[in-house]
Amino acid sequence: MRSIYMILAALHIVSMVVTGILWTLIDLGYGKALKPNYRDIRAVHFGSLYLVPWFLGLAYAFDVLKVPSWHQIFFPAGLGALVFFSGVAYVFPRPPGLDPFYYWTKGWAMVLSMIGLACLVFALFWTAAVLVIYSLPA
């Protein structure tokens, strides 16, 4: 299971590099076609910047605490559910005049995004509980 966490950390490191390059191109004026996606690029960049230490730290903690693999899958599964449901929600047409970054605030997009968010919150609570339970003395 540690390898899954390391692969996800590596994926997010690459994501930081790519979005950093895109962000720089926009700032230097070379990425005019990318300008409408500026907020999305920044969101992915900072999301990846945030997730790399999470993956590495959780991999280490799970290894040290000898947490069974089936408990370890909840965090990446919760993130995957959030990305899946938010991605499906992104396909729905936006109400007129709504900024593309806020697609998830209205209609079916909101419902699907909230389902994904609920999955992530459950996974975070599960992961926190597992860390506490396995860190208690026997």
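Student: Is Arg2 buried, exposed or partly exposed?
Tutor: Arg2 counts as partly exposed, because its relative accessibility is 47%. Buried means under 20% relative accessible area, exposed over 50%, and partly exposed in between, with a 1.4 Å probe and protein chains only. This is a predicted model, where local features need pLDDT of at least 70 and side-chain atom pairs count only at pLDDT 80 or more, while totals for chains, interfaces and linings use all residues. Residues are numbered from 1 along each chain as its sequence is written, and side-chain values use heavy atoms, with hydrogens and water left out.

Student: What do the side chains of Arg2 and Asp63 form?
Tutor: They meet in a salt bridge, 3.2 Å from N to O. The pair ties together parts 61 residues apart in sequence, because Arg2 lies in helix H1 and Asp63 in helix H2. A salt bridge here is a side-chain nitrogen of Lys or Arg within 4 Å of a carboxyl oxygen of Asp or Glu. Helices (H or I, at least four residues) and strands (E, at least two) are DSSP runs, numbered from the N terminus.

Student: And Asp63, buried, exposed or partly exposed?
Tutor: Asp63 is partly exposed, at 39% relative accessibility.

Student: How many salt bridges does a search of the whole structure find?
Tutor: One.

Student: New topic. How many helices and strands are there?
Tutor: Five helices and zero strands. The C-alpha trace spans about 60 × 35 × 20 Å along its principal axes. Of the 138 residues, 28% count as buried.

Student: How far does H1 reach from its first C-alpha to its last?
Tutor: H1 covers residues 2-28, 27 residues in total, and reaches 39 Å. That is close to the 39 Å expected at 1.5 Å a residue. The expected span is 1.5 Å times one less than the number of residues.

Student: Which residues are buried in H1?
Tutor: Among them are Tyr5, His12, Met16 and Trp23. The buried residues of H1 pack against H2 (38-65), H3 (69-72) and H4. Contact means heavy atoms within 4.5 Å.

Student: What follows H1?
Tutor: Gly29, with a positive phi near 90 degrees.

Student: Which residue other than glycine has a positive phi?
Tutor: Lys66 has one, near 55 degrees. Most residues other than glycine have a negative phi. Lys66 is found in the loop between H2 and H3. Lys66 is exposed, with a relative accessible area of 66%.

Student: Now Thr127. Where is it, and what does it touch?
Tutor: Thr127 is in helix H5, residues 107-135. Thr127 counts as buried, at 4% relative accessibility. Leaving out residues up to four places away in sequence, Thr127 touches Leu58, Phe62, Phe74 and Phe75.

Student: How much space lies in the largest pocket?
Tutor: About 870 Å³. On a 1 Å grid over the protein atoms alone, a pocket is an open set of points where a 1.4 Å probe fits, with protein on both sides within 12 Å along at least five of seven lines. Lining residues have an atom within 4 Å of a point.

Student: Which residues lie nearest its centre?
Tutor: Val44, Leu82, Val83, Ser86 and Tyr103, out of 25 lining residues. H1, H2, H4 and H5 each supply at least two residues of the lining.

Notes
Grid points are joined across faces, edges and corners, and a volume is the space filled by probe spheres set on the points.
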